[in-house]
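Grab a pencil and let's work through a few exercises together. Each one has a task and then a solution in steps.

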Amino acid sequence: MGKDVIIACDFSSRAQALDFLGGFTQEKPFVKIGMELFYAEGPDIVREIKARGHKIFLDLKLHDIPNTVKKSMSVLRDIGVDMTNLHAAGTVDMMRAAVEGLTRADGTRPLLIAVTQLTSTSEERMQKELLINASINDTIVKYAQNAKEAGLDGVVCSPLEAGLVKDACGAGFLTVTPGVRFADGDKGDQVRVTTPERAREIGSDYIVVGRPITQAADPVAAYRRCVEEFVG
Ligand code: C5P
C-alpha cells in the first residue's frame, strides 16, 4: 500500500473547490471531500472531481443501523469513491454491513476506514459524558480491533496514535491521520499535531492535510513539500 498525502478540500462550494484544484496542473492529488462540500453540492461534486483524475476520500462518517448503513454504502460505491468511512461506535455488525454494501459484484470495493474516537473528544468527556470507563487509548485500540474484525482496512486516528493501532492490528492495517502541520507552520485549532516527516516515522499510511496546503500562499509548493517530507 503506497503512502500518500490527501488534501482536505474543506470548501463550501463547487466553484471554490474547482478553483483550488485547478492550480494543480502537473499532479492529481488524492482529495478528501467532507460533509460541508458534499452537503452543499451533492454527489455530482464527487463525480466531477473524480472525472478530473483525482482519487476521492469521502469523509461522511456514517453511523446508523446496519441496514441503513449498508444501503448508503452501496450508493457511495456507485458514485465512485476510492475511500470512505464510518464510526466504529456503530458496532461490528454495522461495520460488517457497511463492507457488504460497499463491495462490488466482482468482489472489489473502495477502502473503508473507521473513526475510533474523534480527536476533539477528550478522555475526560468520553468517560463523563459517554460513560466509557476505559482510557482513551484502550478505547481507540479496541475500536480499531473491532474494525479489523469486521473486515475494514484501517482507521482514522491522530498520528500520535498510529503506532498503538499498528501494534494492536498489524502493519497492514491502515492509519489515516489528520492533525499534520509543518514544523515552522501555524497549528490553527489542531492541538495534537505532528509534522509530515514524523507521521511517516510513526507509521501513518495516509496523512490528511487541509489548511497548511489550502491556505498557503503557494498551495502546489506546500503540497509538494508535504509529499517530499512524508513520502520521500
Ligand atoms: O486544516 P486541517 O489540516 O486541520 O484539516 C484536517 C482535516 O481532517 C479536516 O477536514 C478535519 O475535519 C479532518 N479531521 C481532523 N481530525 C479528525 C478527523 C478529521 O482534523 N479526527
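Buried means under 20% relative accessible area, exposed means over 50%, and partly exposed is in between (1.4 Å probe, protein chains only). This is a predicted model, where local features need pLDDT of at least 70 and side-chain atom pairs count only at pLDDT 80 or more, while totals for chains, interfaces and linings use all residues. Residues are numbered from 1 along each chain as its sequence is written, and side-chain values use heavy atoms, with hydrogens and water left out.

**Exercise 1. Find the salt bridge partner of Arg14 and say where the two residues sit.**

Step 1: A salt bridge needs a side-chain nitrogen of Lys or Arg within 4 Å of a carboxyl oxygen of Asp or Glu. The structure holds 16 of them.
Step 2: Arg14 pairs with Glu48, and their closest N and O atoms are 2.7 Å apart.
Step 3: This pair links distant parts of the chain, with Arg14 in helix H1 (residues 14-21) and Glu48 in helix H3 (residues 43-51), 34 residues apart. Helices (H or I, at least four residues) and strands (E, at least two) are DSSP runs, numbered from the N terminus.
Step 4: Arg14 has 38% relative accessibility, so it counts as partly exposed. Glu48 is partly exposed too, at 22%.

**Exercise 2. Work out how H1 and H3 pack.**

Step 1: Two packed helices are described by the angle between their axes and the distance between the axes. Axes here are lines fitted to C-alpha atoms, for helices over the stretch in contact, and angles run from 0 to 180 degrees between N-to-C directions.
Step 2: For H1 and H3 the angle is about 15°, and the axes are 11 Å apart.
Step 3: That makes H1 roughly parallel to H3, a label for angles under 35 degrees.
Step 4: Now the contacts (heavy atoms within 4.5 Å): Arg14, Leu18 and Leu21 in H1 meet Ile45, Glu48 and Ile49 in H3.

**Exercise 3. Are Lys32 and Asp59 buried or exposed, and what do they tie together?**

Step 1: Lys32 forms a salt bridge with Asp59, with 2.7 Å between the closest N and O atoms.
Step 2: Lys32 lies in strand E2 (residues 30-34) and Asp59 in strand E3 (residues 56-62), so the pair ties together parts 27 residues apart in sequence.
Step 3: Both Lys32 and Asp59 are buried.
Step 4: Salt bridges also link Lys32, Asp59 and Lys61 in a network.

Terms used: Angles under 35 degrees count as roughly parallel, over 145 as roughly antiparallel, 65 to 115 as roughly perpendicular and the rest as oblique.
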